[in-house]
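Dear colleague,

I am handing over the structure we discussed, together with a written account of what was found in it. Please read the notes below with the structure open beside them.

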2 protein chains.
Amino acid sequence: MDLKKYLDQKREIIDEALNQYLPLETEYPQTIHEAMRYSVFAGGKRLRPILVIAAAEVVGGRAEEVLPTACGIELIHTFSLIHDDLPAIDNDDYRRGKLTCHKVFGEDMAILAGDGLLTHAFQMLAQNSEIKTINKQAMPLVIKEVAGAIGTLGLIGGQVVDIQSEGKEIDLPRLEYIHTHKTGALIAISLKVGAMLMDAQEEEIEALFQYGKLIGLAFQIVDDILNVEGDEVQLGKPVGSDLRQKKATYPALFGIEESRQKARRLIEEAKKELEIFGEKGEILRLLADFIVERTF
Amino acid sequence: MDLKKYLDQKREIIDEALNQYLPLETEYPQTIHEAMRYSVFAGGKRLRPILVIAAAEVVGGRAEEVLPTACGIELIHTFSLIHDDLPAIDNDDYRRGKLTCHKVFGEDMAILAGDGLLTHAFQMLAQNSEIKTINKQAMPLVIKEVAGAIGTLGLIGGQVVDIQSEGKEIDLPRLEYIHTHKTGALIAISLKVGAMLMDAQEEEIEALFQYGKLIGLAFQIVDDILNVEGDEVQLGKPVGSDLRQKKATYPALFGIEESRQKARRLIEEAKKELEIFGEKGEILRLLADFIVERTF
């Protein structure tokens with residue numbers, strides 16, 4: 001199986017669905033829909049929705065069955081980026097090589113565009129129950145778990161601790177808290193809900209969740225490394241910004257080489273979780289490798 | 001039936017439930033939970049959750065059956081106030097006689113506290129499905145409809161148009177758009193979902209939804225009037241701020257007296273919607289009257 005082809009294929013399905021699910025730019029009030037679409041279509045990798053789909057597939061489902069949820073998760077990711085970039089938080093002017101939402105549409109519209117995407121995400125999650133072949137009974141739990149992964153004990157909590165750690169010397173437990181919450185929680189829940197919607201067995205769901213936590217942490221460590229030695233053009237943002245902003249990162253704590261080894265170890269552990277899926281787990285294994293080998 | 005007693009009773013149940021549902025201030029990361037609780041317990045009237053409960057009751061349900069949803073709706077209301085008050089939006093220092101969230105906790109924490117409350121709200125909505133006596137099949141639709149009422153075609157859309165109208169002369173259709181979206185949408189959906197969760201009949205749900213739209217608009221007109229001639233101590237915020245900020249309001253367009261008459265007409269129309277409930281509609285009738293007669 002060719003991973004690149006798989007990713008391209010899924011990305012196309014996801015982009016098409018996002019385009020269909022989001023209010024049109026011509027819909028009143030236009031500015032907010034322009035702002036939401038600007039950020040959603042600013043060139044993301046679509047990693048999280050692809051993980052929702054891959055998890056559904058590995059337990060016997062199809063992409064079409066979980067597409068509203070997959071897209072909802074991507075909107076949540078975009079919401080978190082827009083609010084992170086705000087002047088009051090990270091104050092970033094560029095993301096993926098483009099001006100950030102607030103630089104183009106103003107701070108007020110960026111706050112509301114984030115709010116709008118977060119809200120629309122839950123609308124789409126709920127909408128997934130209209131697909132007849134999914135496990136409808138899992139629906140409220142799926143929404144509750146996604147909300148839990150985003151909330152103050154998940155992604156938002158990670159962002160809070162990240163803000164409070166800026167410019168301070170922090171230890172490993174705190175750094176891991178930030179990484180597992182700010183990045184890991186949404187990645188892990190993507191895998192879990194993809195399987196839940198397909199009525200997978202408890203041990204399959206748990207294996208995918210553990211796999212998700214491990215690749216989520218590895219993903220963030222690689223992100224930290226790329227911020228030190230990545231290619232600005234490929235990344236679409238300035239390198240070295242973490243160091244300048246005195247952000248807590250793995251390379252800052254352990255150096256580049258040890259950080260890379262840690263990421264590789266996590267990926268090996270993640271792949272072990274996939275053993276119960278046998279050959280069907282191939283795409284998820286390749287995805288895990290892709291996460292440490294990526295250069296953007 | 002004594003309305004004051006009814007309101008006090010429900011408020012107590014709601015406050016107790018909110019206290020139970022929200023993460024404790026001692027829970028890590030503490031600051032965000034302090035910020036969320038600060039704003040939630042800053043002295044709201046709890047109108048929206050009371051409407052959820054009253055709607056459930058008028059179709060034969062009990063407060064306990066819809067309490068997670070009622071509280072979720074109040075968190076959504078609080079989220080919208082925190083983000084509205086931000087420097088980049090309305091830049092308000094006081095709300096209900098207390099410093100606004102960002103004045104106490106900083107702009108970054110206020111943005112994230114709003115995000116946290118919005119997210120937690122959906123968690124609680126989903127959690128309502130754990131109550132055995134409700135109509136579980138309505139659950140995804142309830143969440144979808146609430147998200148629709150908050151989103152860019154609802155509350156957030158109203159806020160966008162409000163921002164874009166500041167300092168401009170606007171006409172009645174635009175003013176009504178702002179009022180029905182920014183305030184009316186969440187009030188109307190509160191009534192609708194209270195009845196939906198209780199598996200009410202289609203015409204009952206529709207009557208409550210229409211009632212909600214009418215009292216929602218009346219509520220905002222009265223708010224505008226109070227901003228001109230209300231009592232600062234009772235309101236807990238400076239009067240005349242709309243005028244100073246050149247906000248679009250009913251009194252600005254029609255004067256105080258005609259605005260008051262319009263609110264009264266809407267309330268009479270709203271009460272007509274309650275006819276199908278007969279005597280059981282008494283509390284909702286009294287609530288409608290309360291909305292135009294209130295002084296805070």
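B:Pro29 lies in the loop that joins α1 (3–21) and α2 of chain B; helices here are DSSP runs of H or I with at least four residues, strands are runs of E with at least two, and both are numbered from the N terminus. The peptide bond that leads from B:Tyr28 into B:Pro29 is cis, with omega near -10°. In chain A, the bond from A:Tyr28 to A:Pro29 is likewise cis, with omega near -10°, and A:Pro29 sits in the loop between α1 (3–21) and α2 (30–40) of chain A.

This is a predicted model, in which local features need pLDDT of at least 70 and side-chain atom pairs count only at pLDDT 80 or more, while totals for chains, interfaces and linings use all residues. Residues are numbered from 1 along each chain as its sequence is written, and chains are lettered from A and ligands numbered from 1 in the order in which they are written.

Confidence

The mean pLDDT of chain A is 94, and 97% of its residues reach 70 or more; pLDDT is the predictor's confidence in each residue, on a scale from 0 to 100. For the complex, the predictor gives an ipTM of 0.96 and a pTM of 0.96. Where pLDDT is low, predicted coordinates should not be read in detail.

A further backbone feature

A:Arg46 has a positive phi of about 60°, although it is not a glycine. A:Arg46 belongs to the loop between α2 and α3 (47–58) of chain A.

Relation of the two chains

The interface

How many residues of chain B are in contact with chain A? There are 40 of them, and they meet 40 residues of chain A; two residues are in contact if their C-beta atoms, placed from the backbone, lie within 7 Å. On the chain B side, the elements that give two or more residues are α2 (30–40), α6 (107–127), α7 (139–150) and α8 (155–165). The largest share, 13 residues, comes from α6(B). By class, this side of chain B has 21 nonpolar, 15 polar and four charged residues, where Ala, Val, Leu, Ile, Met, Phe, Trp, Tyr, Cys and Pro count as nonpolar, Asp, Glu, Lys and Arg as charged, and the others, Gly among them, as polar. Because 100% of the interface residues of chain B are also interface residues in chain A, the copies meet through the same surface.

Axes are lines fitted to C-alpha atoms, for helices over the stretch in contact, and angles run from 0 to 180 degrees between N-to-C directions. The crossing of α6(A) and α8(B) is left-handed, that is, the near helix is turned anticlockwise from the far one by less than a right angle, whereas clockwise would be right-handed. In this contact, A:Asp108, A:Leu112, A:Asp115, A:Gly116 and A:Thr119 of α6(A) meet B:Ile156, B:Gln159, B:Val160 and B:Ile163 of α8(B). These residues divide into four nonpolar, three polar and two charged.

Packing within chain B

Helices α10 (residues 202–229) and α15 (residues 282–293) of chain B pack at an angle of about 20°, with their axes 8 Å apart. α10(B) is therefore roughly parallel to α15(B). Nine nonpolar residues, with no polar and no charged ones, form this contact, including B:Tyr211 and B:Phe219 from α10(B) and B:Leu284 and B:Ile291 from α15(B).

Yours sincerely

Note on methods
Angles under 35 degrees count as roughly parallel, over 145 as roughly antiparallel, 65 to 115 as roughly perpendicular and the rest as oblique.
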